[in-house]
Amino acid sequence: MNALAQPPASSLESRRADVAGRLRECLPAGAVLVSAEDLRPYECDGLSAYRQTPLVAVLPATEAEAAAVLRVARETGTPVVARGSGTGLSGGALPLADGILLAMGKFNRILEVDPASRTARAQPGVRNAQITEAVAPHGLYYAPDPSSQIACSIGGNVAENSGGVHCLKYGLTVHNLQKVRGLTIEGDAVEIGSDALDAPGYDLLATVTGSEGLLVLLTEVTVKLLPKPQVAQVVLASFASVEDAGEAVAAVIGAGIVPAGLEMMDKLATAAVEDYVHAGYDLEAEAILLCESDGTAEEVAEEIGKITEVMRSAGSTGFRVSGSEAERLKFWSGRKTAFPAVGRISPDYYCIDGSIPRGAVSKVLRRIGELSTHYGLRCANVFHAGDGNLHPLILYDANVPGEFEKTEEFAGDILELSIEVGGTITGEHGVGIEKINQMCAQFRTAELEQFHAVKAAFDPPGLLNPGKAVPTLHRCAEYGRMRVSRGQLPHPDIPRF
Amino acid sequence: MSDFIAQTAERVREHAARKSPLRIRGGGTKDFLGASGAGEPLEVSSYTGIVAYEPRELVLTVRAGTRLADIERALAAEGQMLPFEPPRFGEAATIGGTVACNLSGPRRPFAGAARDFVLGARIVNGKGEDLSFGGRVIKNVAGYDVSRLMAGAFGTLGVLTELSFKVLPRPPAEATLAFEMDEAAMIEAVNRWAGQPLPLSATAWESGVLRVRLSGAASAVAAARAKLGGADVPDGGTYWLSLREQALPFFEGDAPLWRLSVAQTAGPLGLTMPQLVEWGGGQRWLRGDAELGPMRDAAQKARGHATRFRGGDRAGGVFHPLAPAIAKIHRRLKEAFDPAGVLNPGRMDNF
């Protein structure tokens, strides 16, 4: 299904020939792809329910080549969608039918590791985990660790402001960046951020981080590195109800502990992973928590003592503390493979990314259960409990007519529920094309207009990834009519809070 | 909408219509900082109070006119803190002014700056629109990060009205150690230590003495103390508070105060002026009359930027000049938020 409107085929073909011809003048042979077969690998990112063939795909290898692509785009008025590893979960790298797909895969080198200043400078196509591997000999690592870290690119991480399971203690991508280099659509090379702890002027680094490719094309990323903690240990605790587990999460934070990671999984999710990787999870539990402590040996011993005490008094029905690094990794293996594990018990699944205040966890999970019954679709819950980021996985079968549409509606309800309790529609996956309609529910007209004005400050012709991340006011008007047409309140059979 | 926000929005709209500048003013404790702005005062210190504070969420929402002292008292009662250790420079200091100036204290290199802890901002932009960005959750990537853009924008993009922060528990134990070493040795040492898993929370060097603060679990602080050696500083807390508030003898007198924010590993600047180095080598304070040019050159050589922080002639420029392509984006952003140019015009030199 195509998310964006299609231009007529004949004009598209002549445009393709024109744009490809100009691109071939400035890029090496083989770096410009136009055939249907060559374009197929680029037709979707990690959100494979949305597919679109681009007009042209290009694979520049240098900043000068990337600049040439942007010049052609500017001169021909052709939109540009940048793509890293294509692991994004919101369709941010979904091509446009009349646009250039700019694949950054050849920007795959780590340019510099400076152990003294604890920084690494990398091209945007470098994989997240590759940085940590490269700096490990210096006792350093790059903290943000999205689940896709073995595949996802650092450029994509900056575009999405990616998180991971250690955000409460170590922050998101935005907290771990030193500076970036990029190209504007107008052809300027810009250095954003600095080698110091701050830069003069406005905080453009924060603005560009998480901007989903709408503001600049990144060509270099300098990340901050942290000393690798000496020790890490994890507590695996079982609970008789999701509410009890939610209460335990609040109690851990309330006890003055900032765990390195704090994750929750419900019964359906644990059953799926246990069958897949045998992580040793308690199958009787309604919910389990994984709570990690890291730091010096003394710190961890002290903190693990406190965590087990809190878990016990919060009514944990049983807990285990990892006794070795192997056991710690085994406990985590279940959480880290939750998505593929759920993929084994259902033909398809749809991942949600709402973020909510931790205090609303029980309410929200209960309501998701009710919605699950209402739609007749199973839902497994995986939750970055420490920072309030929910990942409900809706199980569906795309081959059953109407089931995907029902799933999208279910997903939309969960996102609007997240807004209702004071949260947000996306914690770390980005808006992309997937949540563009829900942006209309989260922001008011004047706020959306302000976002468009920010984009215009960086990209006056509006050619960088247009149509993603921030909806047009027209689109919101359409969406508003659609929601109202379903009745005053969606699902009157469900109690609202 | 609260009366205050409605009135502020109305006032901004009036001024925008007349293209008449407004000078946003909270507690008035940061009047010395930034280029001197023109305009009729827009008083914002009356909009005070904690909107929401749930210690177990680690999230605080406050009205921007709330005094830092009041906020820190409320947090301390729950054993929590603003991790960026903001200086006040006067009891009347407000949280809005702190964020507008992106002011952070000694803990900054190890915990993060004010901008790192901002989760959400409600603002009135230069068109007099009441807008909310970000929110009250730790992870949030919906829309551009306008809240963090407000940090350090000196009110030139919007009047801050409400702010949300991530807060953290106070460390259970703290200790301060002192070492005698020269500047070059100090820069090497603080960077080497920062690359090791040690509970560092501040460093400061002046007159051949490096002071280091350790914060964390009692056991971790004790272990780091044993590892690093150095002499125990019994009144460490007082020292760091005086450093944060620029109340140390180094900061006394009327000589201009320069702030050079540079690469933490950059070697000694070689300027013949009194110097205090903190932030693991990243923030270097210098005293004395000097021309802008040489100070900017020195900062640039050290891969950073220079600010005329306090005193001296502010008319000639306070902040480091921007690269032309970056300045272009700044001009357009200012235009995007404040098309009539009425919010603190000139406070950031050209913006």
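Domain 1 and domain 4 of chain A bury about 1,200 Å² between them, with carbon and sulfur atoms giving 63% of that area; buried area is the accessible area (1.4 Å probe) that two parts lose on being put together, summed over both. The model is predicted: local features need pLDDT of at least 70, side-chain atom pairs count only at pLDDT 80 or more, and totals for chains, interfaces and linings use all residues. Residues are numbered from 1 along each chain as its sequence is written, chains are lettered from A and ligands numbered from 1 in the order in which they are written, and side-chain values use heavy atoms, with hydrogens and water left out.

**Domains 1 and 4 of chain A**

- Chain A is divided into domain 1 (9-103), domain 2 (110-227), domain 3 (231-340) and domain 4 (346-485), with bounds that come from an automatic or database domain assignment.
- The centres of domain 1 and domain 4 of chain A, taken over C-alpha atoms, are 27 Å apart.
- Contact (heavy atoms within 4.5 Å) involves 18 residues of domain 1 of chain A and 15 residues of domain 4 of chain A.
- A:Tyr50, A:Leu89 and A:Ser90 lose the most area in domain 1 of chain A to domain 4 of chain A, together 41% of what that side buries.
- The interface of these two domains has zero salt bridges, a salt bridge being a side-chain nitrogen of Lys or Arg within 4 Å of a carboxyl oxygen of Asp or Glu.
- Between domain 1 and domain 4 of chain A there are 10 residue pairs in polar contact (both at pLDDT 80 or more). A polar contact is a pair of N or O atoms within 3.5 Å; within protein, one must be able to donate a hydrogen and the other to accept it, and residues adjacent in sequence count only if both atoms are side-chain atoms.
- Helix 3 of chain A gives the largest share of the domain 1 side that touches domain 4 of chain A, three residues. Helices (H or I, at least four residues) and strands (E, at least two) are DSSP runs, numbered from the N terminus.

**A sheet in chain A**

- Four strands of chain A form an open sheet in the order 1-2-4-3, with mixed pairing; two strands pair if DSSP finds at least two bridges between them.
- Strand 1 (32-33) and strand 3 (80-83) of chain A stand at the edges, each with a single partner strand, so one side of each has no neighbour in the sheet.
- Strand 1 of chain A runs antiparallel to strand 2 (residues 56-58) of chain A, and two bridges join them.
- A:Leu33 has A:Ala57 of strand 2 as its bridge partner.

**Chain B against chain A**

- In this contact, chain B contributes 69 residues and chain A 88 residues.
- Chain B and chain A bury about 6,400 Å² between them, 59% of it from carbon and sulfur atoms.
- B:Lys139, B:Val141 and B:Tyr144 supply 16% of the area that chain B buries against chain A, more than any other three residues.
- The interface of chain B and chain A has nine salt bridges. The side chains of A:Glu428 and B:Lys139 form a salt bridge at 3.0 Å, N to O.

**Domains 1 and 2 of chain B**

- Domain 1 of chain B covers 3-169 + 331-337, and domain 2 of chain B covers 173-310.
- These two domains of chain B bury about 1,400 Å² between them, 62% of it on carbon and sulfur atoms.
- B:Phe89, B:Pro106 and B:Phe110 supply 42% of the area that domain 1 of chain B buries against domain 2 of chain B, more than any other three residues.
- Two salt bridges cross this interface.
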